[in-house]
Every structure is written in structure tokens, then in C-alpha cells.
Amino acid sequence: MKYVIRHESAHTMRIHMGGYRMSMDQADILEYYLKDLAFVQDAKVYDETGDALITYKKTEKYRGQLLEALCTFSYRDPAAIALVPEETGRALSHQYQEKLAVTIAGRYLRKLFLPLPVQIAWTAVKSVKFIARGIRCLLHGRLQVPVLDASAIVASMLMGDFDTASSVMWLLDIGDLLEEWTHKKSIGDLARSMSLKVDKVWMKAADGQDVLVPVSDVQVGDRISVRTSNVIPLDGIVAEGEMSVNQASMTGESVPVVKAKGGYVYAGTVVEEGECVIEVTKKAGTGKYDQIVHMIEELEKLKSNTEAKAFHLADSLVPYSLGLTVLVYLLTGDVTRAMASLMVDFSCALKLSMPLSVLSAIREAGVYDISVKGGKFLEAAAQADTIVFDKTGTLTHATPTVVHIETFDDADENEALKIAACLEEHFPHSIANAVVEEAKKRGIRHEEMHTEVKYVVAHGIASEIGGKRAVIGSYHFVFEDEKCAVDPSEEARMNALPPQYSHLYLAIEGRLKAVICIFDPLRKEAADVVNALHSLGISKVCMMTGDNEKTAEAVAAALNIDEFHAEVLPQDKAAFIRKEHEKGRRVIMVGDGVNDTPALSEADVGVAISDGAAIAREVADITISAADLYQIVVLRRLSEKLMKRIESNYRFIIGFNAFLIALGIGGILPPATSALLHNTSTVVTGLKSMTDLLAETRIEDAEKRRLAAAGVIPGNHLES
């Protein structure tokens, strides 16, 4: 593809693609193609001018790779086209930019070219919409903002001041447009960040075997397998089996629904228990965006307490505003002064800025790969004083590795690993992933060898292989629940296994066959994250783990953990959080597994890791990327700054509008000026509420490094 470099500095490049401008589809293809390149940190494509602004990692070799990637790029490349999501938001932005331009231009063109009588007639006709809104409120027995707006417009026209009435309506239109645009944009941004990210699925082959294939290869009519804790990747009809499905993401109903043969299931819902074969009815992406938008609109009902108070205050102040107008007129007999107080209200700015602040914060969280399901969870994250971490896959590295396999009962090491991988591959957890990856490294093929797989939460997996019962999991599960045994002559060797490793016990027909030792290193940023949380007001950082006491104690000491509990079951984690609540504390729970779901539900804020179990993500209120535990710190800072912004907006709106009312009553400001200043401040407050809370991430790299050194922003966001 031909292009021209228009400007270049440091590791930022502005290019111009061939032609004056490009279509919106072309701009989307180029933008997502660039963002998918591993060495590109950010890319923005402007379809109006045909330009692209690209920021890449600060190394000369990456510049060369970028230029090469641009040369080979094509708008017709199927791989590039496939990167573009169902909705990108570009068309929405164009739509509202045009509406805003028409609204602004229309106002000034009317004043310049229409004769005064026509302007008056236009104002009178335009006012009908606003008057009707006010009347509808009164008919429903409510004194709300539309009543104030209608009163101000009618009073202005009765006084013959049609210019003021027109200005008020114009500013209201501008405010409505900005609110609607930001609302839809924020929801769109959040929907894209929450879109189902399933790369591969288990598809039934012609011979009945399950084959792992890319989700994009699945067609309508194909059959796929799903099991306990799996996310259902595509809409379909149950063809075989029975399962209970958590459909909260689509229906809002948290109680699992039993799905048997003939039942319809939705993409994005989660299998809580059971196993089924699904016949696909919709390909990947079909209608998914609209479903997520609907879900988010429902979740918007989960407003924070601060938002709810602001809305209640906004509505409760309307009768006082009307009463003040009447009182001023009765005391002064001056219609102008009474009108000046009528032109100013608190409700409009409160109802605009508060939801915009929250939606903008949720949208900004998405930039950091943090998905938030409602404003009240950001408020709870800001107020929390206790945080509880699961250990495995959360505080420890996301990709643990198998370091040793100790075999027993004359078992073959590779055969034991083959069986373990076959059982574990269906359950997305970091330990299971380690077993599957080790088999892959050794070139061991582990086709389906077993019958139905049963997952016992926090314990292990059970199935049958060749008619023999096979189990894999914790010591408690294998030896106490399943009553398996180890040859007495080999017991000492089992007990001598290194305690610093996590142990998976594999037994067949009640006999121990192997212990898989897994090294799960701590995340390199974990200690810094714990210290940062302490500095941000979290007074108690806790760790809950199913590992043994010695391992847990060593981890807690290395990370400066305030309190830890070892060898715990899922119900123990939830019980601990309940006890914290009884002490009056607010709790954040961070986990990634099926066994964490009771605690995630119990906490004030449940935070799931993105590559953990699907059911954990479903239950959680917030999801963060698996790549970076610093996002917990970003979440805390973002939520605190959001609450400060809401409080700041609240104080400004009350103070500034009270000041305008006082000036109007004093005869210093005429009604038109009061209306102009009030509506302008409302729009400005709304626009300010849309700005990034963590704006320092937008500044130059050198300044970012200085801030990171000072602890203002996480240092690992500065990769170059």
C-alpha cells in the first residue's frame, strides 16, 4: 500500500495513505490492523483526511517493521478485515458530529438570514416540544427539570423576549446532544471491551471426536462441545446432554437455568455444571454487540450511591426553584428578577455530569483492559479498606510450569502426563494450562481417551479411561475423598516432594500413579502492587490459598501480606469476607478460578482475571487483564479520582448556580445572561466529566517515566 510520512518524532509517526480521504470501513480496517501489531502501542486513523497517527515501541528495529507492515497492508486482506469488531463506534461519532454541526450552524444562520417575524414564529413552533415535556411531567404529578425548562421558555416568550427563549432551547438541544452522544459512545466503548473473546472451540468431527478449531471456522449447523465452567461461545440449540447455565449476562437472572436437548443457549453465558453438545445457529459476532449493549444498559441501573443522591437532590430542588421564582416576584414585583432565578436550576447540570462522569470512567477503565459492570462497583472500589487475593494465577505468575513428574506404581511418566493433559485441557485454569503445555512441549498427543469429565470445585477432576476410574487433583481429593492409596514402600518418596511446588496427584483405579510438581512463580510486580495498595489506603491485604501452610507463609512474607489463610475451601473464602463485613469493612476480592466464585459474589467488589474460569468472570463485577496485576492499582486510583470528580462537580454546580441566582435576584444579571451562563456551565461541566481521570497516561514518554518513578502511575505501562 502506498503511503507518505507527513511527520515523525521520537517513536510517533503520522502518515497519509493514498487518496484524499478513505471510507469509514477502510479506516477501521487500517486502525485495527495497526493496533494488532505487537510493536504498535497506539494507532488512530482519521478517515476525513486519510491520515494515521501511530505510536510504536521506541527501538529503531520497530520503525523498520512498521514501515514494512504498512507496505504489505491491503484493505482487501481477509486477516485484516477479520480484526475489525462488529461495531467500532466510528459511524456513531460521525453521526453526532454532523448533528452537532447542524445544530450550531442552524442557530447562527437563522439569526443572520431570517427576518425577525420568521425567527419569532420558528421559536414559538420549537417551544412546543419543550412545553409538552413539562406538561407531561405535571400530568404525572412530578415537578422535574422539564417543568423548569418549559416555565423559563414560556415566561420569556410572554415577556416578548423570544431571543432568550430561543437561546435556552438551543443550549438545551446542545446539552441533550452531548449527553446522548457521550452516553452511546461510552456504552459502545464498554461493549467492545466486554465483547466475547473466545479464540478456539471444541468441535465435533465426523468421527465423533472433539477437535480444537478457531471459532471463526465454525459454521451454522456445526456441533461444538461445552463443559463445566466453560463459556458458551456461540448461540445454538442443545443437541446432546444436559447442563445448568448461568445466563445473567443476557437475562439478568442469576439463578442457573437447566438446558436439555432442544433448549436454546446464548453466546456469553456460562456452564455451571454438566456437559452438552450444541448445534450452532449463529456464527461468531452475529448480533453479539447488540446483546452486550442491552446488557450494559441494564447494568446502568446499578448506579453508585453518590449518583443516586445527586439525582434525588436534582429532582427535590425543582419545587424550590419554582417557589423561589414566585417568592422573588411577590417580594420585588420585578418580573425580570424573578425570571433571572427561573433561568437557573441545579438539576440539569447534576443529571448531566454525574452519569457522564461514571460512564467516562468505565470507558477509561476499558483502555487499561479493565471491564466494569456498573458505577456502584467503582464507588465500592474507592471505599474498600480490605482486599483479598487468591494465590494461584493471581499473585503468582499467570503461566506456571511443570518442573518434575514423580511416578509411582511402575507408571510411565509420559503416559501419566498424557492422561493428566487429557483430563485437564477442558478446564481453563493456570495449573491445568501448565499440564497441557508440558504435554505439548514433549510432543505428546492426548486425544479424547475418557468418558464424561466431572469437575469437583476446588478439589479435582474425575472420569473413566478404558473402563477404569481416573482422578486428578489435590491431596485431599485424591486420598481423602476418593480413598486412593499409595504403595507403603513409596510413601516416603511422596512425602519428600519439594514443598515449594504445587502438587497434582493422579490416580487410576484407586492407586497413585504420578505426582506432577508445578512451579508457580510470584508475579514480579506483586510486591510493588501490595505496597501501592497499602499507600492508597487499603489497610488489610489478605491472601487465601488452597496450598499448604509453609508455601503460603513464604509467599505472604515475600509480598508483605497482612494476613493469610492456607488450605482453604471455596466456602472458607466467602466466610472470611462475611466476617470482614461484620466488622464494618468493605472488601475487594481478586480471583481467577471456579473455586473463587463464592468469594467473588460475597465481596463488595469481585475482580476476576481475564484468562481465568469463565464462570469467575461471569460472577465478578470487574474483570482485569491477566497480563498485569498493576491494574488493581489503576482501578483503585481511577475509582478514587472518579469519586473526587463527582464531589467536585457537585460543589461547583451548587456553588456556581447559587451565585447566578443571587446575582439575578439582585438585578445584576438579566435573565438571558443568567440562562446563557447557566447552560454554558452545564455543558462545560459535562465536557469536563468526559475527560480522562488518569490524564497523565497521555503525556510524553519522558514525563511518564518521571511520574512512574514518583509512584503516580504504574511503571510497567511504560514499555518501550
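1. Start with S321. Setting aside neighbours within four places in sequence, S321 is in contact with L148 and D345. Bear in mind that this is a predicted model.

2. Where does S321 sit? S321 belongs to helix α10. That helix covers residues 305-332.

3. Is S321 buried or exposed? Its relative accessibility is 9%. Buried means under 20% relative accessible area, so S321 counts as buried.

4. Now turn to H534. This residue lies in helix α19, which runs over residues 526-535. Leaving out neighbours within four places in sequence, H534 is in contact with V541, N560 and D562.

5. Look at one of those partners, N560. H534 and N560 are 26 residues apart along the chain. Their C-alpha atoms are separated by 9.8 Å.

6. How accessible is H534? Its relative accessible area is 24%. S321, by its 9%, counts as buried.

7. Next, the whole protein. It has 26 helices and 24 strands. Helix α10 holds S321, and helix α19 holds H534.

8. How much of the protein is buried? There are 720 residues in the protein, and buried residues make up 52% of them. S321 is one of the buried residues.

9. Consider contacts between residues at least 6 apart in sequence. Of these, 66% join residues at least 24 apart.

10. Last, the surface. The accessible surface of the protein comes to about 32,100 Å². Carbon and sulfur atoms account for 56% of that surface.

Methods: Residues are numbered from 1 along each chain as its sequence is written. This is a predicted model: local features need pLDDT of at least 70, side-chain atom pairs count only at pLDDT 80 or more; totals for chains, interfaces and linings use all residues. Side-chain values use heavy atoms; hydrogens and water are left out. Helices (H or I, at least four residues) and strands (E, at least two) are DSSP runs, numbered from the N terminus. Buried means under 20% relative accessible area, exposed over 50%, partly exposed in between (1.4 Å probe, protein chains only). Contact means heavy atoms within 4.5 Å. Accessible areas come from the Shrake-Rupley method with a 1.4 Å probe; for residues, only the protein chains shown count as cover.
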